[in-house]
Structures are given as structure tokens and as C-alpha cells.
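Thanks for coming. I will keep this short: some strand pairing, then one surface patch, then a record annotation.

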Amino acid sequence: MEVLKDASATAIYGSRGANGVVLVTTKKGSAGGAKLTYDGSIGSQSVLKTIDVLGAKDFAILRNEVLFDANPSRGQYQYLSQSDIDALGDGTNWQNEAFRTAPIRNHQLSLTGGGDRIKYFLGANYFDQEGVIVNTDFKRLGFRSNIDARPYERLTIGANLSINRTQAQIAPSGIVNSLLIMPPTATVYDADGSYTLRNPFENIFANPIATLLETTNEQVGLRTLGTGFAQYDILDGLQLKVLLGVDLNTRNDKFYLPSYIYEGSVNNGRANLGNLDYYSWLNENTLTYNKSFNNHNLNVLLGFTQQEARNAIFGAGAENFVTDELLYNSLQSGSTLLRPQSGAYAWVLHSFLSRVNYNFKNRYYASASIRRDGSSRFGTNNKWGNFPSLAFSWRASEEAFVKQALPFLDDLKLRTSFGTTGNLEIGEYQSLSTLYALNYLIGGNIATGFASQRIPNENLGWETTYQYDAGIDFSFFRNRFQFTFDWYYKKTTDLLLNVEIPWTSGYASSLQNYGSVENKGVEFNLRSRNIEGEFSWSTDLNVSFNRNKVLSIGNGDAYITGNYIIQVGKPLGTFYGTVTDGILQLGEEATKGAYTGNATPKAGDRLYKDIDGDGKFTTANDRTIIGDAQPDYFFGITNTFNYKGIDLSFLIQGSVGNQILNMNRQALEMFTGQQNASIDALQRWTASNPSADYPRAKLDPAPIFSDQFVEDGSFVRLKSLQFGYTLPKKWTKNLLSNVRLYAVGQNLLTWTGYSGFDPEVTSGNNVQIGVDQGIYPASKSFSVGASITF
């Protein structure tokens, strides 16, 4: 696998290189006898950590305190008496009920071989992973083949095929949040053995274990990827290549919510079926010319590519079933049919491309390319975008004066480049005023009609990134040490953003080319062979620094979206909220009560800073920047050791300086007694414990987003650890050509101050990044396996 980030290297890919390019070289056959290889492993995985929440006794005390605060006249034990509290056990640990140690199985079988005219690779794989949350899993069965043939001296043909069938049971939406806030005094089952339907208190949410175990939420997919190519040598150095590819993807969604759990009891069971049918075809036609003469080396490429994709979706459902036994297999058994939905979408991309690579004496290099992409997704006036690039490099180590001055150098290369790429990932028909169907009641009858879905934008066009790079590569002491340094600057203009517009237009937002953002930074890579010989040790180290900044956002300087602010001069992912300022203490109600935001302040309420200086606190007016999700730097280091047949390697990676918005924590620090709370509730303010960090318990607090829930997301992680042993050849030479036994661990150790499940959260989008809210928890895993070649 090769990752291309250089401006010149990615520009030739045009819109396909907007976020970098990853080149994956699949396994191919080789000349020689047939080789059969089996690689299989078994292992297990478990959640990285759980969140500490209150047990049954502490929750009961909290709830009593909340009810007394709301209505003191009814006494201190409105929920449970002290004797009842003393009799409580640990209660229900909802996370322990849902999380499990789950097995992983992986098996791969491949056959390779070939001769001078034809080479082949055939492979099959089976992967079975049970999720760390009960009743979630993923299975994949796949087949892959690569065949390359040279039937004539000037003709080469090849075909690649990959078929994968996947089956997954998906966790219900919001289930992780439900596991955290479900009260520990509630039970999974009632005394009669039936499910406890829901939280017994004022906040209504369902029994998460019943939801997990009884909800059917299955996705079954079949994906086929195939390519075939023919390359003909027209003349010496002149080649014509034609490639055809197809991507077929079908997915069936199957959902059933039974009547005997809370969510399904309202409608006496609900079933939904959905189908996605997607196909895409690609045609690439390239003409390549290679010529070398008198220390000059020239490579010229001309090409035309075209791609078209179409997909269709369909969904139907029903409610009020006579029985739950048939699940989703009999929609007609539901007496209430849900409104069916269907849709069809298509897009087309045409591209012209050319590139010239030149080098003199393998010492001076120059490259130039241009690509012109046309997309059906954009407006009439801006369907086409041009993406040029230039690159220059100098292998200084080939110069005589450098060899004389720096004899220890093995390689020294200086390089610089400029390139542009475009982004078109906005969905279909976004520039058009499309229609959507809706029902309306006219004269007591339901009528179906259409309404405009968006404002048309004929000028909607390409989001373009301009990138400049400069770098140096050098190695010394017989390539024992190799060092790479890169500096880059990226400016993305005409951002494709949904911009809020006045409601008087009849619409909430409009997709526009709006504003610009820059990214600049440096990257360091060091590879060293520390020890060579019978025992060897090598190290790979990389460190990256990136600075992100908004340069413009249309006609304004800033706008707020949710818990974020997009502001000129600040990075994307900037959190915008209130600043906490301690806890209101007894006797301070008259002097500081205005800074609680409550009409009737009370000791134990949280205090907030008065940002605008008007002598009081309001959520609307007293917000400011309280952090951002962009890291200062991130790094990775890999060490590999070999001794005879033994190998050991480990990867440590980390991120420093980013903040995470922990929305799970915000929910757990409400202290309402209607749902469970963080273990930090034990430190809440009371008259006998005048805490300065955590507020009092109260029944109906207004949730306020503040810096209390923006945490440092820095971490260092042992990402992988692998140990292997390859049997000596003398033990396997009669039947086997290679046998390797191995053990692999993933995410084994994490050092972080972040209080959530995992500092490597992935929720959010390009603007609202770094959010941790109900994400399926990350896991650590350990597996053992063997790779055997016959």
C-alpha cells in the first residue's frame, strides 16, 4: 500500500485525489509452481474501558435528595427509606449486561502460480466478528482472483474480480447513551420474567438490554468489483491501455421491533424492509510513451476516463402485527401499512488528463500534468474544473561536489511541487430545484402533491484545493538512516457548505460555494536500521504538525452552528460555549446569583462567567471559544526485532493537543435522579459538602453546554503488538515451504486523561468534529494464528 499526499502526485487524480490517494497493490500470481497458502487466526475482543456511574444505593440517595429539593414538605425519603436503601445490592450494571468478551475468527486460503505467458492468484476468505455489545456481529465471505496473461508479444491482458457477501446485526441507534443513563435500581426483568419495559421515572427511555436482544436490525450486502484491461505495445515505448471496471453493490435492510418491548408495544410491533441497488462502471483509456536518449528520460501520458453510477432505494413497512413470530417476513400481516418510499439517483464524471515526466541523468526531474473533470452534480455554469500540477526535484547526491563534500551520504534529494484537486462529494442534484412528495388534507380527503425542496444554484461548482509542497529526502551510512522532511501549504476555496439563509425565502439553508480554509504543516519521517546481523532492530518514526485556519466565510466574519463557531482566523472544529466559574455557595445568592442563569438562584447551582460584562449570565450572550478539536501534533513509532526465526514488532501512536466534546458526560452530570449519573455525583454540592466543582442535585436543570464537557483528548496508545515464529526450513522442506505462527494484540494499552470510552472518537463532520456521543465503543483484541504455505 502506498499513500500519495504530494500535490503533484495527487493532482493527476483530480477529484479522486481531493483527500489524498491510497494505492493498493493486490496480490498477484508469479511464475513457477503452484503455491497453496492458508492463513487463519482466532481471538477475542473487549471494550477498552467502561464509564463509572452510580450504583443502586448511591443513586437512591441522589433521587431522594432531588425529590426533597423539589418538595421539602414531603420529607427526605420520598423514593426509598433508609432501610430500603441499606437493603439494596449493587443494582443493575447496564454496561456489564451489554458489553461482552467476543470472539473473532479469520480464515484465508489462496493459490498462486503461473508460467511465462499467464500468472494467476485465487483467494477466498471468511471473517466472523461478534461485537463487544451483545447481539451485534459482522460476517464476511469473500472470493478474489487476479489473472494476468500475455497471449502475444505486444499484448498484455488482465482481469481482477472481488466478490464479498457481508451480514451484520447493527446496534440500535442511541443504545450506548441508554446504557449509561438507565437507573441502576431498574431491572432487566420483572418478577414474572418479562422484560422491564422502561425507566420507571419521569424521563421515558426503553430498557436497553431488551432493545439489544430483541430488536432485529440486519444488513445483508453483496458487492462485486471487477476490472479487465488490455495493453498493446503499438511501437517500442508507445503503449495503449484500455480498462473497464464495474462495481455492483446490493444491500438488504431487515428490521423488526417486537410488541413485547417498550418501543414496539405502542404500535404492537413494527417491521421495515429496505433495499439498495447500486452499480457503477468505469472506462479508462490511456496512451503512454516512454523514451530514453542521451541521458534524457521522457514519459508522456494522455488519457480519457468516464464513469457513471446509478443507485435505487426502496423501503416499506407495517405495524400492528397479529404475532411477532414472522418478524419482517410478512408485512401483509400488519394491519397498518407504513408509507413506502423509493428513489433513484445517477451521476456522471468525464475526465481528460495528460502528464509529462522528464529526468536528466536520473538527477534532475520535472513533471507537469493537467486534468479536466466534468461532473453532472454541479450547476450549468460550473460543471467543469481544471486541475494542473508542476513538480521539480534534484537528486543532489549524484553531483560530484556533493559526493566529495559529504561522502557519508548515500542519497540526497530536494523536491518541490504545486498542484490542485477538486471535491465533488455533495450528493446528486444539489444544484437543481428538486421536488419532494407530501400529503395534505383537503376537504377531509388526503391529497398528494409536490413541493420545491431547495433553491436552484446554477453557479454551484467545484471546491478546489491548491497545495504547495517542499521536501528533502536523505540517507547516510549505507542507508542505515533514512530521513524525510516535508512542508506543505493547502488552501481550499469555494467550500461546499450548507449556508443558513433567511426563513423568509421558504428554506432554512442553501448549498453554496462559500468561504476558504487553509492547512499548513510539516511532517518528519525517520527510518533507521539500528542493529544489523543475526539479531536486527529497525525503527520507523513519524511526526506531523498541522495548523488549520478559516480564511473567509462569505460576507461575514463568523457564524455559529450548534456547539461550534466558524470564525475567520480560527480552526474548524472550534467549540463555542459558556465558561464555568465554580459553584454558588451559601450566602452568595444575592451577590452571585445572577451568574447562574436561574430565575431563582440557590446555593449549589453552577456559576458561569459573564462574558459580555452586562452584570448577569445568559446562555445566548455569554458564550465564547472554549477549545478546538485540532491536534497540535500526532506521531507514530514502530520498532521491529528479528532473531533467527523470531520476529517482534510494536506500534505506538498518539495525538497531542486536541479537545473532545464529551456529550456523554454532559448527560451524566445532570444529577436529576430521573436517570443515572456519573460517579462524580458523589462529589456534588450539599450543605455538608460545599463542593466547588460539581453542582447540587435538582429535578429539572437546564442543560448548558460549557467548558466542563470539553476535555483534553491527548493520548498515547500501544496500537499493535505482534510476535511471530517462522519454523526452520529443515523442519518443513518435505511438504511445506513456509510455516509461521503468530500472536497479535490491538489497542492493548492507552495512556490518556480523557474520561470517555476512547479518545480516538470519530463522530461529527468536517465542521463539527471531535464529538463523543453514543459512539459504538472501541475495543482491544488479542488473537493467535498460523500462516502455512504448501
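**Strand pairing and a nonpolar patch**

Arg-105 stands opposite Asp-128 in strand E5. Before I go further: this is a predicted model.

That pair belongs to a longer stretch. Strand E4 covers residues 102–114 and E5 covers residues 118–130, and the two pair in the antiparallel sense over eleven bridges. How many residues sit between E4 and E5 in their hairpin? Three.

E5 also pairs with strand E6, residues 137–152, again antiparallel, over 13 bridges.

Now the surface. Eight side chains make up a nonpolar patch: Tyr-232, Ile-234, Leu-235, Leu-240, Val-242, Leu-244, Leu-287 and Leu-302. Together they have about 680 Å² of accessible area. Which strands each supply at least two of the patch residues? Strand E8, 216–235, and strand E9, 238–257.

Take Leu-235, which lies in E8. Is Leu-235 buried or exposed? Its relative accessibility is 52%, and the cut-off for exposed is over 50%, so Leu-235 counts as exposed.

Last, the annotation. An unreviewed UniProt entry lists residues 229–575 as "domain: TonB-dependent receptor-like beta-barrel". In the model, that span is 69% strand and 3% helix.

Definitions and conventions
Residues numbered from 1 in each chain as written. Predicted model: local features only at pLDDT ≥ 70, side-chain atom pairs only at ≥ 80, totals over all residues. Heavy atoms only, no water. UniProt positions renumbered as here; feature names shortened; annotations may be inferred. Helix = DSSP H or I, 4+ residues; strand = E, 2+ residues; numbered from the N terminus. Pairing = 2+ DSSP bridges. Patch = residues over 30% accessible without salt bridge, like charges linked within 9 Å, V, L, I, M, F, W, Y side chains within 5 Å. Areas by Shrake-Rupley, 256 points an atom, 1.4 Å probe, with all protein chains shown as cover. Salt bridge = Lys/Arg side-chain N within 4 Å of Asp/Glu carboxyl O. Buried < 20%, exposed > 50% of the residue type's maximum accessible area, 1.4 Å probe, protein only.
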